[in-house]
Amino acid sequence: MSEEKRRFKRMPVSMKLEISSLFRQDHVSIGDLSAPIHVNNISKGGIGFSSENDLPIGFYFNSCIHLGEDEEAKLYCVVKIIRKTPVEGGGFDYGCEMVGLAPVLDYIFEDYEKQIEG
């Protein structure tokens with residue numbers, strides 16, 4: 001059995017988002033994307049999602065992630081694509097990290113974990 005190396009517990013989630021633009025720190029950007037994604041899991045450190053679109057590693061996008069039933073539980077954050085794996089039959093699975101998310105927002109993840117556990 002392999003040892004879990006992630007810093008934060010992954011939690012299942014099912015939400016659909018759309019990436020409209022990507023950017024890098026060197027001011028390179030890709031606009032007018034209209035790339036639908038399906039978020040599969042989330043943790044305090046990042047998200048895992050799938051998409052039919054071939055998105056480049058090392059690029060960032062802005063997101064608004066809504067967790068749970070509380071309307072206040074929205075995270076506006078920047079996400080960096082750090083991993084991409086082709087999926088049999090087409091599309092890709094992606095791993096991303098949240099950049100610059102304030103620790104004060106940890107309660108959103110804690111509340112969501114309580115909701116899904118029960």
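User: What should I know about the model before we start?
Analyst: It is a predicted model in which local features need pLDDT of at least 70 and side-chain atom pairs count only at pLDDT 80 or more, while totals for chains, interfaces and linings use all residues. Residues are numbered from 1 along each chain as its sequence is written, and side-chain values use heavy atoms, with hydrogens and water left out.

User: How many helices and strands does the chain have?
Analyst: The chain has 1 helix and 8 strands. Helices (H or I, at least four residues) and strands (E, at least two) are DSSP runs numbered from the N terminus. Along the sequence the pattern reads β-β-β-β-β-β-β-β-α.

User: What about contacts across the sequence?
Analyst: Of the contacts between residues at least 6 apart in sequence, 53% join residues at least 24 apart. A contact means heavy atoms within 4.5 Å.

User: Changing topic, how many aromatic pairs are there?
Analyst: The whole structure contains 4 aromatic pairs. The rings of F23 and Y60 are stacked, because their centres are 5.8 Å apart and their planes are at 15°. Rings of Phe, Tyr and Trp (its six-membered ring) pair if their centres lie within 6.5 Å; planes under 30 degrees apart count as stacked, over 60 as edge-to-face and the rest as tilted.

User: Where do F23 and Y60 sit?
Analyst: F23 is in strand β2 (residues 22-23) and Y60 in strand β6 (residues 60-66), so that the pair links distant parts of the chain, 37 residues apart. F23 is partly exposed at 28% relative accessibility, whereas Y60 is buried at 9%.

User: What about F49 and Y94?
Analyst: Those rings are also stacked, with centres 4.8 Å apart and planes at 20°. F49 belongs to strand β5 (residues 46-51) and Y94 to strand β8 (residues 92-99), so the pair ties together parts 45 residues apart in sequence. F49 is buried with a relative accessible area of 1%, and Y94 is buried with 1%.

User: Which residues form a cluster through ring pairs?
Analyst: F49, F61, F92 and Y94 are linked into a cluster.

User: What sits over the ring of F92?
Analyst: The charged end of K84 does, at 5.3 Å from the ring centre. A charge sits over a ring if NZ of Lys or CZ of Arg is within 6 Å of the ring centre and within 35 degrees of the ring normal.

User: What is the phi of H27?
Analyst: H27 has a positive phi of about 70°, although it is not a glycine. H27 lies in the loop between β2 and β3 (29-30) and is exposed, with a relative accessible area of 76%.

User: And S34?
Analyst: The phi of S34 is near 50°, a positive value in a residue other than glycine. S34 is in the loop between β3 and β4 and is partly exposed at 45% relative accessibility.

Technical notes:
Buried means under 20% relative accessible area, exposed over 50%, partly exposed in between (1.4 Å probe, protein chains only).
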